[in-house]
Amino acid sequence: MTREPLLKARGLVKRYGKVTALDHCDFDLMPGEILAVIGDNGAGKSSLIKALSGAIQPDEGEIMLEGQQVRFASPLDARASGIECVYQTLAMSPALSIADNMFMGRELRKPGIMGKWFRKLDRPAMEKFAREKLNELGLMTIQNINQAVETLSGGQRQGVAVARAAAFGSKVVILDEPTAALGVKESRRVLELIRDVRARGIPIILISHNMPHVFEVADRIHIHRLGRRLCVIRPQDYSMSDAVAFMTGAKVPDEAATAA
Amino acid sequence: MTREPLLKARGLVKRYGKVTALDHCDFDLMPGEILAVIGDNGAGKSSLIKALSGAIQPDEGEIMLEGQQVRFASPLDARASGIECVYQTLAMSPALSIADNMFMGRELRKPGIMGKWFRKLDRPAMEKFAREKLNELGLMTIQNINQAVETLSGGQRQGVAVARAAAFGSKVVILDEPTAALGVKESRRVLELIRDVRARGIPIILISHNMPHVFEVADRIHIHRLGRRLCVIRPQDYSMSDAVAFMTGAKVPDEAATAA
Amino acid sequence: MSSDTKTAASYEEGLRGASDKVAEFHEPKSALKRLQHWLHMTPSAVPMIVLIAAIIIFGLKEENFFRAVTLSTILQQLVIVGILGCAQSLVVLTAGIDLSVGAIAVFSSVLMGQFTFRYGIPAPLSIGLGLAAGTAMGFANGWLVARVKLPPFIVTLGTWQIILAANYIYSANETIRSSEIAAEAPALQFWGYSIQPGGVKILYAVFLMIALVALLAYVLRHTAWGRHVYAVGDDPEAAELAGVRTRRVLIQVYALAGLFCAIAGWVMIGRFGSVSPSASTGQLGNIQSITAVVIGGISLFGGRGSIVGMFFGALIVGVFEMGLKMVGTDPQWTFFLIGMLIIIAVAVDQWIRKASA
Amino acid sequence: MSSDTKTAASYEEGLRGASDKVAEFHEPKSALKRLQHWLHMTPSAVPMIVLIAAIIIFGLKEENFFRAVTLSTILQQLVIVGILGCAQSLVVLTAGIDLSVGAIAVFSSVLMGQFTFRYGIPAPLSIGLGLAAGTAMGFANGWLVARVKLPPFIVTLGTWQIILAANYIYSANETIRSSEIAAEAPALQFWGYSIQPGGVKILYAVFLMIALVALLAYVLRHTAWGRHVYAVGDDPEAAELAGVRTRRVLIQVYALAGLFCAIAGWVMIGRFGSVSPSASTGQLGNIQSITAVVIGGISLFGGRGSIVGMFFGALIVGVFEMGLKMVGTDPQWTFFLIGMLIIIAVAVDQWIRKASA
Amino acid sequence: ESACLITKTDTNPFFVKMKEGAQAKAAELGIELKSYAGRIDGDHESQVAAVEACIADGARGILITASDTKAIVDSVKAARDAGLLVIALDTPLDPIDAADATFATDNFKAGELIGQWAKATLGDKAAEARIAMLDLGISQPSVDVLRDQGFLQGFGIELGDPNKWGDETDPRIVGHEVTSGNEEGGLKAMETLLAKDPDINLVYTINEPAAAGAYEALKAIGREKDVLIVSVDGGCPGVQNVKDGVIGATSQQYPLDMASKGIEAIAAFAKDGTRPAPTEGKDFVDTGVQLVTDKPAEGIESIDSTKGTELCWG
Ligand SMILES: Nc1ncnc2c1ncn2[C@@H]1O[C@H](COP(=O)(O)OP(=O)(O)OP(=O)(O)O)[C@@H](O)[C@H]1O
Ligand SMILES: Nc1ncnc2c1ncn2[C@@H]1O[C@H](COP(=O)(O)OP(=O)(O)OP(=O)(O)O)[C@@H](O)[C@H]1O
Ligand SMILES: [Mg+2]
Ligand SMILES: [Mg+2]
């Protein structure tokens, strides 16, 4: 590859007490690609993307966005740089409505004096937008956009979180197991949505345990093992069995498998 | 089928304010079978099994265990009748250790006076048992059985919950999306575990969005749609595509498909 | 190599032609059901109902109760608690608790008075300095909560004692008398003036309290900042991940609460005439404001409830206290019955909510 | 029909030969790291360190401080708070709060005294009845919290007022004199007796407090019931789903807390000699016990902390108060400094935890 | 040499001034004074702890204004057994000989004086007076009861149990309310009683801050001129209020006096072990109480506010 990675990390280390979740981990995301990250439970995938999106601060190592070194002190910093993330825990405020949650931290204000001087929110606009994004995902069992998030089923919640990230990500969209709680139909929509986002030229990091999904949509697959990047493969070059074997330690990848 | 269902429900209704989660839903679980429950997000699967396990009280309808009508006022009642359930939300106490969580509500006491009079817990025994059960599931990244559950990764937590249910269920084991957050290796172990449990003669209710898994292990598949049972099929008789079509409303099952 | 890639998704063919119908459920239609639904959607209505019931009952028991003077007395007795309640509500919505509200109010009022009389600073400037000092005390609370990450209960338990002790030490327990203030610095007593439509006296302070409640209700409901306050109280980690500057919001909330307390301190001067460092608000303001907040239906676990509910909560307590005192005689029995009422009011609230859920 | 059944799992062939190696990480080795880890694992150690530091500082400032009499005086001064702290710890561990602890203690002591002197019931029976009454008051709290599902803060705010008022009304504000009790019902004063090894007086009450702390520590740590208390405080819904009888545990916790308060009431008679309905424990016992609980590192959000920590928390406050008094600090400065202490103690605790996390 | 001063609270100006008087005297005589106080009115436990701290600290004597006059007796005995001189200030212990000496005012007498004055001032109207009683707190500490009951006795109202207020049946009493002894409490209590009966014409208050609060409430409805307020304490702001016509009469007490005499006694005791002797014919050293008013009533001895200002504290 001659192109520079859009998002790059080198030597990330994160320790939790005795546990080392990231152990000198490297990472590269190319512009416009869908990069899948796979690995065993507890391999450190979530920790990796949390470090990339500012939710945790790595103990060591550096992160580069478009060649510039960055330090994200909070998710808001990362978001300001255009990195949008759906966390495994979803990060929703249970008592607030779907629309409130989707616009958290970037609310729309009414035009004119009401918005400028009285800082009044433009609820109708926010609700309309939220409704549209949910429909794109086919989450039509949601009857009321003003429903509190806590009254949604697990899958519905996940749908809302994915819709939020897809709608607002401008440079990178990160999805941590976005389809884990979703049904067949809804999962399919999410995969379509991922492709849509890429079609807009925005690269995506997708963490998933669902091998068929990964092999279907990913351009490259980052295999994570014991807190570090084991190798990066292309789905055309290897079978799912190989990927599973690498990630569980059943096989060791040959040298050539690094990146591509 | 001539045999009586082990667990049977008729006309269950559960409303949450304006939303009807269960709409005169029927249910049958035969002795010794693996029954999968599939359906769209928000179809009411979790509500159904919560009603069966005493976590919610249905507004209408009745539940029969081994032909006897039962009313479970709490999950403990259901557990006393031998029904063990892994909820989607896992039901763990984050600050307590893995062993504490596994034995919550049925702790082992020391033999002799210490246990009988001073009600002292037998920690070594509980820890040994917990360690064994986790090893059976292959959850070996867990280093310390006295680790607080909140420090585990999402997948590790799920593994602990599944291990708990499998270890203690005596009549029915219910699993609500047990593999949602699990990796390939760990999911495989859960499926093996499910088969083990059935081999012990205990029937299992498995809710899952993973069609290949469902078709691999289920004896019968209960398809849930819009708060009620649409039909019950056998995996030998229908393809996955058919099942997906039924559950999403793309096709309507023919009459014969009810039960079998 | 990729022999298994294609087949994996094959079963998804079943999706073709999937129904896009939204699940339909029957809506409740009866008037009762609609009332219940409305109650559920409008949490502040429940305390309002309790309030109206209380007023009617006391009105029937005691004829004097319905006189305009009685009702205006009740209103003026609750201005301090009402304003402190605004401060407390903000903090409680973020899942915190502020035990120092009363102490900040008293110390601010003492500062306003002493600045004017000890140092001869013009009264309006003293008031400004007093308000700034209250805000600073609130800011200190917020800083400790948000930056040092100490539990709000502890922080404000500590600052409560610190501020109250500082108040006594600084003022040397000296009261500034009402007549002196009236003569030399009437601005301090501004909120004690009143209008008298038809002979019924209504303090400016009552209007101030209502304005502050309305303002906060608007801010919480209709601005982004208000939504952030709820989000922080609901689940701070989720709010942080979702892009709310949790710590900044917390500090702002506590500082704003401090400002409200200082305003309450200013109002105290107008209302009591004098400036007294040993005003009972310093000791009891926290419990009183928390009572109003909880009876008003704001959850102590944060993120749920409305400021208007708090206002009705304060009114309920005010009406009950006045009503009981008018009906009964012995303060000990009044104290007893108010304890019962706190429990019953909240129990009724819970019950209505459950019925309508 | 089932053409796609087999292929779906085909990629799992890759699992064959999967590594079963447990992930290995390097363990921290330095002494400092090990100390940090130990501190993290032993939450009650942090207050202990603060305590030792405080004792050393006061010992250097004031020679009298190290005399055995001083230390035994400190111990006897904190027995009431220590026992109330046990009650409070139980409740706080379930994510509740009990504002009525002091009121229950005072009312129980009044009941014991009045039963003996007003009705002539033999003292041991009166004591039994008093303990039962305290338990019943706690039970009422628990019932309201667990069954009616009211927030503990409100319930105990209400019962605090109710019990305190009932106490004044029932006793008609009458104090029973120490000399009368000593003459007619010495059993009431049992905990006020002392042993005097080497001339240093140690009250029986001190031993009782230590025994109660040890008992509770054992129960919480080593019995199923104790684990359930933690689980209920941690996440009540999860605990319920996991098979804990949440409501029953809650009721038991509050009732047991009531019993502990009644024991504190009995100890009060021994310690103060007389039975006084206006004992300030009724007003201040809750704040004092909560202070001990939080300085001792028990989380007000429930589920985290240890009873031994509470004990050290109470000791810290006791040592500080005595130390400041002996150094000759003015009472308001003492309150001021104790306010600072509360914040600093918890901040240090947080800091150590963070460093070792 | 060191001595201890233990007051009921240290937020009430009465005790603040008492402390200042003691400190001044102690500095003069070269005694180290440590002061202690309860946190709230009626805080008995803190006083017990304070006595214990004084013993542990090796003080030579204790000056105490007891919150609970019966209950403190045990602790006082322990102190005396340990060789300390214990002097009760302001409030006699029960029994009075539990302390080595008592420098006190008679609070019952203080109440009685203002009761008699009010009765005489109202004259014929006393028969249909409407009386508001503004007391201290619902725990009814002893000063609270003594002043209240003294007032009622002086006014000629039949007491129920003299150890408790609130059990009187005389219809002239509109009601008792508690004030915590400060302006805020006085104002609220007065407003409440006025709502109950707008025709109140006599107000008893536990102390002068409460009286000032009650006056504000009356002023707000324009009745400050035709209602009589009486109080107890005699602090300088209070006497000033008598002068201004806010308070009709107040019973003046002398906390500075008590405190400085107490310190002197301890100094003497430390020097040669002499114990102070009680006032002739009484079992305590009476530091006296005088009625301060600018409208003297016949047959009741009083001083005017100018004299009161000379003698006032604070
Ligand atoms: N807050 C924490 N405190 C302590 N240990 C933690 C914490 N968060 C994660 N860990 C540990 O770090 C390791 C990596 O966790 P991480 O969540 O990154 O795994 P993951 O790859 O996302 O797993 P999964 O697929 O199950 O989500 C795990 O061993 C976990 O126990
Ligand atoms: N506590 C609740 N309050 C209000 N509505 C609820 C509640 N719990 C569930 N619902 C609603 O009931 C319906 C069924 O929810 P349920 O959780 O049973 O769905 P599910 O089939 O398990 O979905 P998923 O596959 O996403 O887990 C949903 O529309 C949901 O919004
Ligand atoms: Mg993860
Ligand atoms: Mg579900």
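Analyst: Contact means heavy atoms within 4.5 Å. The model is predicted: local features need pLDDT of at least 70, side-chain atom pairs count only at pLDDT 80 or more, and totals for chains, interfaces and linings use all residues. Residues are numbered from 1 along each chain as its sequence is written.

User: How many residues of chain D are in contact with chain C?

Analyst: The contact joins chain D to 42 residues of chain C. On the side of chain D, the number of residues is 44.

User: Which helix gives the largest share of the side of chain D that touches chain C?

Analyst: Helices here are DSSP runs (H or I, at least four residues), numbered from the N terminus. H1 (3–7), H8 (152–171), H14 (281–295) and H16 (331–356) of chain D each supply at least two residues. The largest share, 14 residues, comes from H8(D).

User: How many salt bridges does the rule find across the interface of chain D and chain C?

Analyst: A salt bridge needs a side-chain nitrogen of Lys or Arg within 4 Å of a carboxyl oxygen of Asp or Glu. Across this interface the count is zero.

User: Are H9(C) and H10(C) roughly parallel or roughly perpendicular to each other?

Analyst: The axes, lines fitted to C-alpha atoms over the stretch in contact, with angles from 0 to 180 degrees between N-to-C directions, come within 5 Å and cross at roughly 80 degrees for H9 (residues 204–222) and H10 (residues 224–234) of chain C. Angles under 35 degrees count as roughly parallel, over 145 as roughly antiparallel, 65 to 115 as roughly perpendicular and the rest as oblique. H9(C) and H10(C) are therefore roughly perpendicular.

How values were computed: Chains lettered and ligands numbered in written order. Heavy atoms only, no water.
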